Amino acid sequence: MIPSIATVCVSGTLVEKLEAIAAAGFPAVEIFENDLIAFPGSPADVRRICADLGLAIVTCQPFRDFEGMPQARRQRTFDRAERKFDLLEELGCDLLFVCSSVSPEAESGIDRLAADFVELGERAARRGLRVGYEALAWGRHVWDYRDAWEIVRRANQPNVGVVLDSFHILARGLELTSIGRIPRDRIAMVQMADAPLLQLDPLSWSRHWRCLPGQGDLDLSGFMDALAATGYEGVLSLEIFNDRFRAGSARSVALDGHRSLIWLLDETARRLGRPLKGAVAMPPPGPVEAVEFIEFAVSETGRPALEGVLAALGFSRTGRHRSKDVALWSQGDIRIVLNSDAEGFAHSYQITHGTSVCALALRVPDARAATERARALRDVPYAGAIGPGELDIPAVRGLGGSLLYFLDRASALGGWSAVDFEPVAANVVPTGLTHVDHISQSMQYEEMLTWLLFYSSLFETRKTPSQAVIDPGGVVQSQVVESGLEGGTGQGLRLILNGSQSHRTLSARFVHELFGSGVQHIAFATTDIEATVRQLVANGVAMLPIPENYYDDLEARSDLPPEAIDRMKALNILYDRDASGEFRQAYTTLLDGGLFFEIVQRDGYEGYGAANAGIRLAAQARLQPLEAPVFGEAGAAPE
């Protein structure tokens, strides 16, 4: 299939849109009528611009309210079609895109409508053009693709075909098997869009909430399987109406669009067990087995304070880099790298963002395969300076310009710590932290769908429904992406993606203070949260104070023994329960810049304590983040 995108999907002027679409690697484009009308030049100028950019024009759409017009209006409608034919010829494309009529004047009747397409097809044929007919989900008489196909079938014109649009079909909940019975040469083109499942009328849903494949909840797998059954190999074009995309970067949205189609074709081919024309060859997605290490960029002057934080949390310095000013800190299966080197990526990142997480290293079954897949998906590779004897760890650019490293245990990469670091004897008493439970990334609201697609296309993942979390400063949208949790060989990956349209929420303030998106909080697991938190407090860790009212309410709504609630209250531990088990969580107060840590104990529980999120955010809002100390007089970490 041939990947394409409609100019309506991205922001900017028509020229800016076309340049972004070409830069994303698309070979073809649909020109949206409004973009052409607003363009200060001729259609021939647009044709030349597209040719220079290497873009083939699929169509200029839509052609509205054609079929079923009363006799008094019918000739006028065909006159409009002829002018549209003139436009298509000037643009250098051959497809007239007709969407089903919404006019209150439109008349019904399959044979009556088919007769209109007989004449339209004959007129188009005389000019070497084709006609495609799409059933709008809110069409006056035709809103079902099966009716559109029946009209096309009865018209019996070889140059008249049906346009299939995944949104119009799936939003109506139509059955999909009939798609497979449409001859592939009668499918004029296919448009793709995903969407979250919402209780909205189809028109409002379509105009504001469409998204790219992989970013929503529609049954695109079923649609693609039915389409593949026809043998169709033509244009597969994105048509997305989305308020976030209109506010975002044209180049970013276009790149996401191409990535989504690459992923969609790869996913479909693997599910069907056979190659699809247009699919990009790449390794299959694999699970994330564990977070191998978290790397902080920190200045030489800022490092003692962060080392004090880690020591108070029970981490020991266990490694010294053989050639760089980089240290490895460990506890249980958690490894944290502090990079204070005066050169390189981390140094540049620290200058821009201050003390912050500059990289995540993920353990996968095959790091080379993960890297190849990332390149095929048009993710941005990264290659830094490698010293003598050091490992070359593959990486791609991640959120906020950070890095995402790939490691595995099947190659030399499995020994990264022994190769790059000289061992240092542990000298801090652990506090019972065992592994990284989850990582929370805060980002611009407009970026959330980008990073959801980034992770879900690259790895074998599961996403949970998006949730709205109430912050005293506004609403935070939260989306969870998980990988490697079912039947995996490690702890897997749990990522929480947060974004807010309000500038007053904790998430938004963090992005502002960091000068970009990044990791805002890290959750460490323990098997005994009460013992762990008692030790943290003894080490000087300031835990986030939770209101007494929370525990009064907990006693009223749960069957926990009063003495258990009293212990949690004394340690500022929050509690939740789901069908799978129990969950306890506690938070540190904020570091400068807004980063904080969470301690969790999972006993079969599968969620993230969403019921407690509002309480936590309210408790954090009562503090003054830039003034409140995070830890007591714990001092610098011991050497």
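Predicted model: local features only at pLDDT ≥ 70, side-chain atom pairs only at ≥ 80, totals over all residues.
How far apart are the mean positions of the positive and negative charges of the chain? For the 60 positive and 83 negative charges, the mean positions are 6 Å apart, where Lys and Arg count as positive, Asp and Glu as negative, and His and the chain ends are not counted; each charge is placed at NZ of Lys, CZ of Arg, CG of Asp or CD of Glu.

Residues are numbered from 1 along each chain as its sequence is written, and side-chain values use heavy atoms, with hydrogens and water left out.

As for the overall build, the chain has 21 helices and 26 strands, which are DSSP runs numbered from the N terminus (helices H or I, at least four residues; strands E, at least two). Its C-alpha atoms fill a box of roughly 85 × 65 × 45 Å along the principal axes. Of the 639 residues, 58% are buried, meaning under 20% relative accessible area with a 1.4 Å probe, protein chains only.

Let me turn to one strand, S10, at residues 316-321. Four bridges join S10 to the antiparallel strand S11, residues 326-331, where pairing requires that DSSP finds at least two bridges between the strands. Ser316 stands opposite Ser330 in S11, and the two strands form a hairpin with four residues between them. S10 is also joined by three bridges to S17, residues 421-423, again running antiparallel, and here Gly319 has Pro423 as its bridge partner.

Key
Buried < 20%, exposed > 50% of the residue type's maximum accessible area, 1.4 Å probe, protein only.
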